[in-house]
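The following note sets out points for a colleague who wishes to read this model residue by residue. Please keep the sequence and the structure in view while going through them.

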Amino acid sequence: MNPELNVERATPADAPRISALIGALSKPFLLSPSGEGAELFLASISESAIAGYVTAYNFAYFVAEVQGQFAGVVALRDNSHLFHLFHLFIAEPFQGQGLGRALWQMVEAHAIQLGNPGKFTVNSSLNAVPVYERFGFVAIDEVVQKHGVAFQPMQLNRDA
């Protein structure tokens, strides 16, 4: 990884900046520009929700800084046999520089150390599908429109 990159386990104190980053980058998920109908999704990325995830036993949340600037967040949710890439968001000034791949590889290795056999899922925003395809994920269903958001269910199976 880049020596200017610092990745640490997230704490509840990181919740405001994580929530703000995800909120700012979530427009491609929303079916309505106003967010109407997406109240459940928006509540799930609130500061209080993020603070809860960060401390939950079944989540692994990490924040990334580049040269002291908040650059991104990545989170896994453990579902026993399958890990779900819960969040992977890179701040716009740091997109296209390999940070997303570096964070993905880090949490993938973390999950494998925890016993994951190489199986992951993600609900990708439609604009991020090509990124996940480069990581090896494939679409496993049609695009889903639910609770005011649209996403592409994807899966990665390293055993296949």
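**Note on the predicted model**

1. Strand E4 is the place to begin, as it gives the most to the lining of the largest pocket, with 7 residues. Helices (H or I, at least four residues) and strands (E, at least two) are DSSP runs, numbered from the N terminus. The model is predicted, so local features need pLDDT of at least 70 and side-chain atom pairs count only at pLDDT 80 or more, while totals for chains, interfaces and linings use all residues. Residues are numbered from 1 along each chain as its sequence is written, and side-chain values use heavy atoms, with hydrogens and water left out.

2. The volume of the largest pocket is about 1,000 Å³. On a 1 Å grid over the protein atoms alone, a pocket is an open set of points with protein on both sides within 12 Å along at least five of seven lines, whereas a cavity is a set where a 1.4 Å probe fits but cannot get out; lining residues have an atom within 4 Å of a point. Grid points are joined across faces, edges and corners, and the volume is the space filled by probe spheres set on the points.

3. The lining of this pocket comprises 39 residues, and Phe29, Leu88, Phe89, Ser125 and Tyr132 lie nearest the centre. At least two lining residues come from each of helix H2 (39-44), strand E4 (82-90), helix H4 (99-113), strand E5 (119-124), helix H5 (129-135) and strand E8 (149-157). By class, 21 are nonpolar, 13 polar and 5 charged. Here Ala, Val, Leu, Ile, Met, Phe, Trp, Tyr, Cys and Pro count as nonpolar, Asp, Glu, Lys and Arg as charged, and the others, Gly among them, as polar.

4. Histidine 87 belongs to strand E4. Its relative accessible area is 7%, so histidine 87 is buried (buried means under 20% relative accessible area, exposed over 50%, partly exposed in between, with a 1.4 Å probe and protein chains only). The side chains of histidine 87 and tyrosine 61 are joined by a polar contact of 2.5 Å. Such a contact is a pair of N or O atoms within 3.5 Å; within protein, one must be able to donate a hydrogen and the other to accept it, and residues adjacent in sequence count only if both atoms are side-chain atoms.

5. How many aromatic pairs does a search of the whole structure find? The search finds 12. Tyrosine 53 and tyrosine 61 form a stacked pair, because their ring centres are 6.4 Å apart and their planes lie at 5 degrees. Rings of Phe, Tyr and Trp (its six-membered ring) pair if their centres lie within 6.5 Å; planes under 30 degrees apart count as stacked, over 60 as edge-to-face and the rest as tilted. Both tyrosine 53 and tyrosine 61 are buried. Elsewhere, ring pairs link Phe83, Trp104, Phe120, Tyr132, Phe135 and Phe137 into a cluster.

6. Helix H4 has 15 residues and should span 21 Å at 1.5 Å a residue, which agrees with its end C-alpha atoms being 21 Å apart. The expected span is 1.5 Å times one less than the number of residues. The buried residues of H4 include Leu103, Trp104, Val107 and Glu108. After H4 comes glycine 115, with a positive phi near 105 degrees.

7. Asparagine 116 sits in the loop between H4 and E5. With a relative accessible area of 3%, asparagine 116 is buried. Its side chain reaches the backbone nitrogen of glycine 118 at 2.4 Å, and a polar atom of that side chain lies 2.9 Å from the backbone nitrogen of lysine 119.

8. Most residues other than glycine have a negative phi. Glutamine 67, in the loop between strand E2 (59-66) and strand E3 (69-79), has a positive phi near 50 degrees and is exposed at 58% relative accessibility. Histidine 147, in the loop between strand E7 (144-146) and E8, has a positive phi near 55 degrees and is partly exposed at 46%.
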